[in-house]
Amino acid sequence: MEFIIGSGIAAVALYTAAKWNPAVSERKKIEHVFRNIGYRVKDHEPTLVRRNKKESSMEYVYSVPFGLIDDPKLQPTLEKTLSKPVEIKFRGKLIIKVYNKSLSKLIHYDEQVTNDWIVPIGYTLNEQIRHDFDSIPHMTIAGMTRQGKTVLLKLILTQLILNKPDDVEFYIIDLKGGLEFGPLEKLKQIKKVASNVREAYQVLQEVQKNIKRDMQLFRSNDYSNVLDTSIKKRTFIIVDEGAQLSPGKHHTKDEKQMFNYCQEVLSEVCRVAGALGYRNIFCTQYPTADTLPRQIKQNSDAKISFRLPTGIASRVAIDEQGAEELGNVGRAIYRTHTKHVLQVPFISDDVMWSRLGRYERDASVEKEDQASRDNTIEFG
Ligand SMILES: Nc1ncnc2c1ncn2[C@@H]1O[C@H](COP(=O)(O)OP(=O)(O)OP(=O)(O)O)[C@@H](O)[C@H]1O
Ligand SMILES: [Mg+2]
């Protein structure tokens, strides 16, 4: 009798331990998911090789039957089943990383100044992601309205000015009437802010003239890439709401020519002017073949997307689905040769001005300097 009671208690204890041990039940849920989505080859299922417990995550390493690779259904299904962030990697074995906590919903901008072309983009669950504009010169940014595109542009601009106040210059095409970037024209690093297509046309004519001048200078010095020279200057062309640069049926012939010219110069910046030190950041709410010109997309090796309405829009923006699943404002996918889901730090206009106010240009000095600056290129 005592023996029966004793083994009964032991069985209940074992059952409870199994039930409440999160690692065991998590593993079971993972293997249920394998079965539910048919992640197997005939009767052969993945088998758990080991578990690695880390501070903020649990890693499950599975050996999979020959011929099976990772499956795009795995990540979203596991994430929803476990109600935790999940990352999947496939390196001969299937690695499933289940995080204990979710990404922060709000991270305030608080970045140290460095002397390079590297800017913060955001925080993933386990690391900070930065972007180096000397490694990857051009970037596209997509996302529905009020998801954080302009805030990210301001974050990038602020960090670049803080890092390289004497070497960076910006041409900004703010096609929302200059409301966001117009006030920044006071800063000495901002060459021009265009607030409509006609102004964008003029600004881009100036940019094209400068590209021609620099091309000449590179040729006569046998330079092929700015990175191999002592030239310190970098010129950023930022377009906020690029969709406004695609002509519609209601535009006149002249207007259409102006739009096409703007798109051509931006494509030229991405195609050839990167080597001369020009960097393009092209931002749009509506990524389609018309609003995100092919040459710009193909030559922008960094692609960022905030939430988009559909998987199709996500494929246009970042070449894969996923942006339609992003939830939080400021949450984005940063895609280069790797892909990261991250939270972009928030910078308010007040913080931006508190850091950049010291670079407001003195109007009288500016006028005197303007002519000489226009036609010079600085060497280090
Ligand atoms: N990284 C962030 N973290 C937290 N909140 C943010 C972040 N970025 C933006 N927001 C909030 O969302 C608001 C809208 O952001 P933003 O103006 O950048 O959107 P947008 O994508 O440029 O929209 P639109 O396409 O309409 O111009 C901000 O005023 C701010 O309140
Ligand atoms: Mg905006």
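Trainee: Asp222 first, then: is Asp222 buried or exposed?

Mentor: Keep in mind that this is a predicted model. Asp222 is exposed, because it has 6 other C-beta atoms within 10 Å, and the cut-off for exposed is 12 or fewer.

Trainee: Where is Asp222 found?

Mentor: In the loop between α5 (197-220) and β10 (234-240). Asp222 is not a glycine, yet has a positive phi of about 60 degrees. Most residues other than glycine have a negative phi.

Trainee: What about Arg146, which loop does that one lie in?

Mentor: The loop between β7 (139-142) and α4. Arg146 also has a positive phi of about 60 degrees without being a glycine.

Trainee: And is Arg146 buried or exposed?

Mentor: Exposed. Arg146 has 12 other C-beta atoms within 10 Å, so it just meets the limit of 12 or fewer.

Trainee: Moving to the ligand. Which residues come nearest to ligand 1?

Mentor: Thr145, Gly148, Lys149, Thr150 and Gly330, out of 14 residues around it. By class, that shell has seven polar, five nonpolar and two charged residues.

Trainee: Take Thr150. Where is it found, and what is Thr150 in contact with?

Mentor: Thr150 is in helix α4. Leaving aside neighbours within four places in sequence, its contacts are Glu180 and Asp240. Thr284 is 134 residues away from Thr150 in sequence, with a C-alpha to C-alpha distance of 10.0 Å.

Trainee: Why does Thr150 count as partly exposed?

Mentor: Because Thr150 has 19 other C-beta atoms within 10 Å, and 20 or more would be needed for buried.

Trainee: What does Leu266 touch?

Mentor: Not counting residues up to four places away in sequence, Leu266 touches Ile237, Val239, Asn280, Phe282 and Ile296.

Trainee: Val98 is in β4, I think. Which way do the side chains point along that strand?

Mentor: They alternate along β4 (residues 93-99). Leu94, Ile96 and Val98 point to one face and are buried.

Trainee: What is the strand order in the open sheet of four strands?

Mentor: The order is β1-β2-β4-β3, with antiparallel pairing. β1 (47-53) and β3 stand at the edges with a single partner strand each, so one side of each has no neighbour in the sheet. From one strand to the next, the twist averages 20 degrees.

Trainee: How many bridges are there between β2 and β4?

Mentor: Six, in the antiparallel sense, with β2 covering residues 57-63. Tyr60 stands opposite Ile96 in that pairing.

Trainee: And how many join β3 to β4?

Mentor: Six bridges, again with the strands antiparallel; β3 is residues 86-91. Glu87 stands opposite Lys97, and the bridge partner of Arg91 is Lys93. The two strands form a hairpin with one residue between them, and Gly92 in the turn has a positive phi of about 75 degrees.

Trainee: Which strands does helix α3 lie across?

Mentor: Helix α3 (residues 74-82) lies across β3 and β4, at about 145 degrees to β3.

Trainee: There is another hairpin, β5 to β6. How many residues does the chain go through there?

Mentor: Four residues join β5 to β6. The strands, residues 118-123 and 128-132, pair antiparallel over five bridges, and Pro120 stands opposite Arg130.

Trainee: Last one, the whole chain. How many helices and strands are there?

Mentor: The protein chain has 10 helices and 14 strands. Of its 380 residues, 33% are buried. Among contacts with a separation of 6 or more, 66% are between residues 24 or more positions apart.

Definitions and conventions:
Residues are numbered from 1 along each chain as its sequence is written. Chains are lettered from A and ligands numbered from 1 in the order in which they are written. This is a predicted model: local features need pLDDT of at least 70, side-chain atom pairs count only at pLDDT 80 or more; totals for chains, interfaces and linings use all residues. A residue is near a molecule or strand if its C-beta atom, placed from the backbone, lies within 6 Å of it. Ala, Val, Leu, Ile, Met, Phe, Trp, Tyr, Cys and Pro count as nonpolar, Asp, Glu, Lys and Arg as charged, and the others, Gly among them, as polar. Two residues are in contact if their C-beta atoms, placed from the backbone, lie within 7 Å. Two strands pair if DSSP finds at least two bridges between them. Axes are lines fitted to C-alpha atoms, for helices over the stretch in contact, and angles run from 0 to 180 degrees between N-to-C directions.
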